[in-house]
Amino acid sequence: MSVRELVVLGTASQVPTRHRNHNGYLLRWDGQGILFDPGEGTQRQMLRAGVSAHDIDRICVTHFHGDHSLGLAGVIQRINLDRVPHPVTAHYPASGQRFFDRLRYATAYRETVEIDERPVADGGPLVTEGPYRLEAHRLSHPVESFGYRLVEPDGRRILPAKLAEHGVRGPDVGRLQRDGALGGVTLDDVSEVRRGQRFAFVMDTRLCDGVHALAEGCDMLVIESTFLDEDAGLAAEHGHLTAGQAGLAAREGGVRHLVLTHFSQRYTDAAEVFERQARQAGFEGEITVAQDLWRIPVPKRV
């Protein structure tokens with residue numbers, strides 16, 4: 001049975017708090033797992049969330065600030081310690097290669113697993129074949145930063161009424177799906193396009209073209225909202241978003257489910273305020289103000 005969900009490992013910005021660990025997010029996408037921005041303490045949070053090293057097929061790092069990458073050393077060593085039976089691909093800004101190298105080889109350990117390094121030098125497609133397309137888009141932050149976007153190819157939805165209308169039944173349905181046509185009936189005659197799902201991960205950034213490109217048409221947008229709107233000046237100075245700006249990006253992109261995360265330690269018990277400010281920006285879809293160790297399902301296909 002396919003599972004598509006976001007496992008939230010940490011939601012804190014810059015420093016952890018009593019209730020929030022540094023960043024870390026695992027996207028379960030059917031049989032694959034993509035780990036985003038493993039900050040310090042990610043191994044511990046994986047244990048608490050029931051996530052194992054074997055669940056990780058791909059690692060995506062947006063940028064090399066510590067709260068988004070210091071957990072890499074432990075995660076990579078754990079992947080090797082547990083002898084994960086498949087290669088793991090790592091994407092990260094190419095300008096931070098020296099940081100990735102230092103984290104990968106922070107201490108001595110025995111390498112047993114292939115880590116396929118695929119640094120991101122510019123925006124564009126990273127993976128074009130398989131169950132999804134993975135893209136990167138440049139963001140606006142004091143250090144080079146990229147957001148990631150996963151796009152599932154469009155499929156077809158068979159319409160039973162159309163099958164009956166054209167007299168297609170039994171094994172012929174499978175033949176028509178495989179071959180695209182059968183006895184003068186085409187697949188277009190008995191089906192409609194089933195839009196593939198879209199997921200985007202947007203961390204430390206100001207509002208920019210990359211944010212809007214990543215958010216466009218997403219079923220789920222995971223996005224930083226480090227500051228509340230009254231601190232918009234601080235957000236702009238440090239290269240971050242406010243809750244209202246995150247809501248605006250989601251509204252303009254037609255997002256279905258907005259997940260707010262990466263909160264400044266200056267705010268405590270402010271979940272309702274973050275959601276309210278995102279709503280005030282005009283976003284009418286579903287909103288989750290993330291908490292550590294939550295599991296958030298990707299919305300079902302429409």
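Helices (H or I, at least four residues) and strands (E, at least two) are DSSP runs, numbered from the N terminus. The model shown is predicted, so local features need pLDDT of at least 70 and side-chain atom pairs count only at pLDDT 80 or more, while totals for chains, interfaces and linings use all residues. Residues are numbered from 1 along each chain as its sequence is written, and side-chain values use heavy atoms, with hydrogens and water left out.

**View A. The open sheet of seven strands.** Its order is E7-E8-E9-E14-E15-E16-E17, with mixed pairing, where two strands pair if DSSP finds at least two bridges between them. Strand E7 (124-127) and strand E17 (286-289) stand at the edges, and because each has a single partner strand, one side of each lacks a neighbour in the sheet.

**View B. Strands E14 and E15.** Strand E14 (residues 198-202) pairs with strand E15 (residues 220-224) in the parallel sense over four bridges, and Ala-200 stands opposite Leu-221 in E15.

**View C. Helices across the sheet.** Helix H10 (residues 243-253) lies across E15 and strand E16 (257-261), running at about 160° to E16, whereas helix H11 (residues 271-280) lies across E16 and E17, at about 150° to E17. Axes are lines fitted to C-alpha atoms, for helices over the stretch in contact, and angles run from 0 to 180 degrees between N-to-C directions; contact means heavy atoms within 4.5 Å.

**View D. Surroundings of Gln-14.** Gln-14 is found in the loop between strand E1 (4-10) and strand E2 (24-29). Leaving aside neighbours within four places in sequence, Gln-14 is in contact with His-22, Asp-67 and Gln-265.
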